[in-house]
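Please open the model in your viewer and keep the selection tool at hand. We will go from one part to the next, and at each stop you will read what to select and what is there.

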Amino acid sequence: MDRRHFNLMLGATLAMSTQASAAGVFLNYTQQELDDAYDQAKWAPNSKEVIARYATDSAAVRQKYPPKTEKFGPTEAETLDIFAPQGAKDLPVMVFIHGGAWRALTKDDASAPAPTFIENGCIYVALNFAVIPAVRLPDMAQQCRAAMVWVHKNIARFGGDPNRIFVSGHSSGGHLCGVIATTDWTKFGGPADLLKGAVPMSGMYDLYPVMLSQRSSYVKLSSEEVVALSPMRHLEQITFPVLVVHGDKETPEFQRHSREFTTVLAGMGKLAGSIVLSGRNHFEVPEELNKADTEVSKAVLKLMKG
């Protein structure tokens with residue numbers, strides 16, 4: 001699909017969303033339905049149990065494979081954990097951005113996938129950053145961008161290949177993964193081809209409907225910031241393959257985001273694959289990276305290693 005036809009398709013999609021919203025708050029949702037569609041806990045009765053597993057599983061991994069923690073920025077929150085196999089040299093690098101509705105969790109909840117990567121000839125980086133209310137969402141995005149530039153400039157010291165950097169993230173981290181994937185790195189001190197691939201998981205890729213939901217009670221953005229932080233509005237920056245992942249037990253809105261992102265990436269010829277996890281709710285999705293033999297892990301490792 002050429003750029004003209006792609007832009008027409010995207011414009012038509014956005015226009016249909018706007019027109020349909022006349023019948024409701026967004027599409028055909030009432031306000032309560034839209035709020036529920038952005039509240040994953042209502043669709044996942046085991047959410048607290050699964051989130052608790054993030055921490056315990058990650059703690060066990062850090063005990064077995066102690067990471068090297070580095071600062072990439074001036075504040076206490078701007079740190080990252082680097083998990084690398086012994087004798088690492090010129091290995092592909094995966095940077096993971098944790099979720100938590102932009103206001104919870106840390107890198108310490110995102111260590112569990114590390115063995116999948118370091119036991120298969122890759123480096124895994126768990127990224128930390130400040131969250132709401134300490135900072136605003138634009139600040140979070142900027143910290144994540146700074147971290148990616150730091151990784152590119154420094155990862156060779158830890159055995160990583162700066163020319164093979166990939167990014168992934170889940171939930172609000174999936175959104176930030178999309179932001180990272182649609183960044184013009186020449187504006188932030190990095191090379192234009194800083195990234196070689198992306199794996200957004202259960203993310204939100206257009207913030208317009210998100211800001212119509214109850215999430216706007218704590219995420220405060222101007223209309224210009226909504227556009228700036230909506231990956232679907234900056235797809236021209238994607239020059240690499242993208243693997244999109246979500247579960248079939250997620251909210252209808254989160255499933256719609258992933259389907260539409262998949263559709264436009266396929267139209268651009270940039271879709272590495274789309275995985276819809278059967279029987280998995282939103283919170284269970286990132287746990288697929290905790291073992292190397294899952295469909296998600298196999299696809300991610302193939303993306304990274306060719």
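The tour below begins with confidence, then visits helices and strands in turn.

**Before you start**

This is a predicted model, in which local features need pLDDT of at least 70 and side-chain atom pairs count only at pLDDT 80 or more, while totals for chains, interfaces and linings use all residues. Residues are numbered from 1 along each chain as its sequence is written, and side-chain values use heavy atoms, with hydrogens and water left out.

Colour the chain by pLDDT, the predictor's confidence in each residue on a scale from 0 to 100. The protein chain has a mean pLDDT of 94, and 92% of its residues reach 70 or more. Now select residues 1-9, where pLDDT stays under 50 and the model has 10 contacts beyond four places in sequence, a contact being heavy atoms within 4.5 Å. Residues 11-22 also stay under 50, with 9 contacts beyond four places in sequence. Where pLDDT is low, the predicted coordinates should not be read in detail.

**Stop 1: helix 3**

Helices (DSSP runs of H or I, at least four residues) and strands (runs of E, at least two) are numbered from the N terminus. Select helix 3, which has 18 residues and reaches 26 Å from its first C-alpha to its last, close to the 26 Å expected at 1.5 Å a residue; the expected span is 1.5 Å times one less than the number of residues.

Show the surroundings of Ser47 and, leaving aside neighbours within four places in sequence, you will find it in contact with Ala41 and Phe283.

An α-helix has 3.6 residues a turn, so residues three or four places apart point the same way.

**Stop 2**

Select the strands of the open sheet, in which 8 strands follow the order 1-2-4-3-5-6-7-8 with mixed pairing; two strands pair if DSSP finds at least two bridges between them. Strand 1 (68-71) and strand 8 (271-277) stand at the edges, each with a single partner strand, so one side of each is left without a neighbour in the sheet.

Now look at strand 5, where 8 of the 11 residues are buried, so that strand 5 is largely enclosed by the rest of the structure. Strand 3 (residues 91-97) runs parallel to strand 5 and is joined to it by 6 bridges, and Met94 stands opposite Phe166 in strand 5. Strand 5 and strand 6 also run parallel, joined by 5 bridges, and here His170 stands opposite Met201 in strand 6.

**Stop 3**

Move on to Gly269, in the loop between helix 9 and strand 8, where the residue takes a positive phi of about 75°. Gly269 counts as exposed because its relative accessibility is 62%.

**Stop 2: helix 10**

Finish with helix 10 (residues 295-305), whose buried residues are Val296, Ser297, Val300, Leu301, Leu303 and Met304. They cover an arc of only 155° around the axis, which puts them on the same side of helix 10, and the face turned away from that side carries the exposed residues Glu295, Lys298 and Lys302. Just after helix 10, Gly306 takes a positive phi of about 75°.

Key:
Buried < 20%, exposed > 50% of the residue type's maximum accessible area, 1.4 Å probe, protein only. Arc of directions from axis to C-beta.
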